[in-house]
Amino acid sequence: MVMLTARRYFSAEGIDVDPEAECAFFSSLKMRNGTFKLTRLSRFAAVEEAIRPIIRERAGSIGQVLDVGASSGLTTIELVDFLQAEGASPRVIGTDLFVKAHLVEISPRLHVLADDEGWPLQYDLAGRPLRAWVRRLDYFTLTFVPLLLGRAVLRGRLAREIAEGRSMPVRMECQALAGRNIKLVENDILVATPEFVRQFDLIRAANILNLGYFRAERIRTAIANIFSYCRGPGSLLLVVRSHGQDHHGSLFELLERGDVAVRARIGKGSEIEPLILGRTSADGGRRA
Ligand SMILES: C[S@@+](CC[C@H](N)C(=O)[O-])C[C@H]1O[C@@H](n2cnc3c(N)ncnc32)[C@H](O)[C@@H]1O
């Protein structure tokens, strides 16, 4: 499959982009905090199978849903379809730290997709896509040199072009989100958001609260925020991490007095289960 350039993708308004190509495009983007927009079509079919009985039983009480780290919103749509098929009629908000981006023309042969602060996400070199991030192999092939130099040289220029309005603002969301009743908003799960407090009956955090992405301390902060966003006892939290086709996750339920119980496990369960079950009273949990 030929990788899409951002310029081609975002100028494709009115044209249906192949969903696989769209997924590959978003998945190739690495954000400035080290996380990827990596997502996949029908990624959570096996996870849905594992939690289906509980969701079916609770469908009537699942009104507000939050999908944390939703990337382009593709799997958020699939989550909504799953919940609706089980009888729920949820209002859904997907959040991601990086939704807004900009296309900047540096020269007729060089266009760059950059985040709000001018951090390059993808280069378009005469119509050919080039990743802006460095992978391990690049240190052996010395490809890291032009990549790091390019970023260092371009970052200031990109930030200036964006600040002075010489860019095309775009939203990193999938085409299928248009016409769906799902809000995709920029939000940092590490920063408490007062308007989310006690709002949600079901929260999903898929492939975001990974120990590979964040240190345990930051994950504890995210967990505290997430539990404060739960409506109250009975609210559900699904945490999943995918390894290729395999998933390891846990479905938690918030109980009275801040206690939490595991209602289902997928694979080996979530790697952050100990952090969730061992929350202290300082994070809104009971254990001290
Ligand atoms: C690997 S993707 C997961 C996408 C989707 N949930 C899935 O599993 O297919 C991780 C997403 O988390 C977002 N992200 C990273 N740090 C975040 C933060 N602090 N708050 C909210 N979203 C964040 C990234 O921008 C990226 O889109």
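Start with helix α4, which gives the most to the lining of the second largest cavity, with 3 residues. Helices here are DSSP runs of H or I with at least four residues, strands are runs of E with at least two, and both are numbered from the N terminus.

Some notes before we go on. This is a predicted model, in which local features need pLDDT of at least 70 and side-chain atom pairs count only at pLDDT 80 or more, while totals for chains, interfaces and linings use all residues. Residues are numbered from 1 along each chain as its sequence is written, and side-chain values use heavy atoms, leaving out hydrogens and water.

**Stop 1: the second largest cavity**

Select I51, I55, L79, F82, L83, L202, L238 and L251, which line this cavity. Colour by class and you will find 8 nonpolar residues, no polar and no charged; the nonpolar class is Ala, Val, Leu, Ile, Met, Phe, Trp, Tyr, Cys and Pro, the charged class is Asp, Glu, Lys and Arg, and the others, Gly among them, are polar. The space inside is about 30 Å³.

What counts as a cavity? On a 1 Å grid over the protein atoms alone, it is a set of points where a 1.4 Å probe fits but cannot get out; a pocket is an open set with protein on both sides within 12 Å along at least five of seven lines, and lining residues have an atom within 4 Å of a point. Points are joined across faces, edges and corners, and a volume is the space filled by probe spheres set on them.

**Stop 2: the largest cavity**

Now select F44, V47, E48, I51, L79, F82, R204 and L238, the lining of the largest cavity. Its volume is about 40 Å³. Here α3 (45-58) gives the most, with 3 residues, and α4 (74-85) also supplies at least two. By class, this lining has 6 nonpolar, no polar and 2 charged residues. The count of cavities of 30 Å³ or more comes to 2.

**Stop 3: the largest pocket**

Move to F36, L38, N207, I208 and Y213, which lie nearest the centre of the largest pocket among its 36 lining residues. Strands β1 (64-68), β2 (91-96), β9 (202-206) and β10 (236-243) each give two or more residues to the lining, and β10 gives the most, with 3. The lining divides into 14 nonpolar, 14 polar and 8 charged residues, around a volume of about 570 Å³.

**Stop 4: the ligand**

Where does the ligand sit? Show it and you will find it in the largest pocket, by the rule that more than half of its atoms lie within 2 Å of the grid points. Next, select T39, R43, G69, D96 and D188, the closest of the 23 residues that surround the ligand (a heavy atom within 4 Å). That shell holds 11 nonpolar, 8 polar and 4 charged residues.

- G69: a backbone N or O atom lies 2.8 Å from a ligand nitrogen.
- N207: a side-chain N or O atom is 2.9 Å from a ligand oxygen.
- K37: a side-chain N or O atom is 3.3 Å from a ligand oxygen.

Taken alone, the ligand exposes 600 Å², and the protein buries 99% of that (Shrake-Rupley areas, 1.4 Å probe).

Notes:
A polar contact is a pair of N or O atoms within 3.5 Å; within protein, one must be able to donate a hydrogen and the other to accept it, and residues adjacent in sequence count only if both atoms are side-chain atoms.
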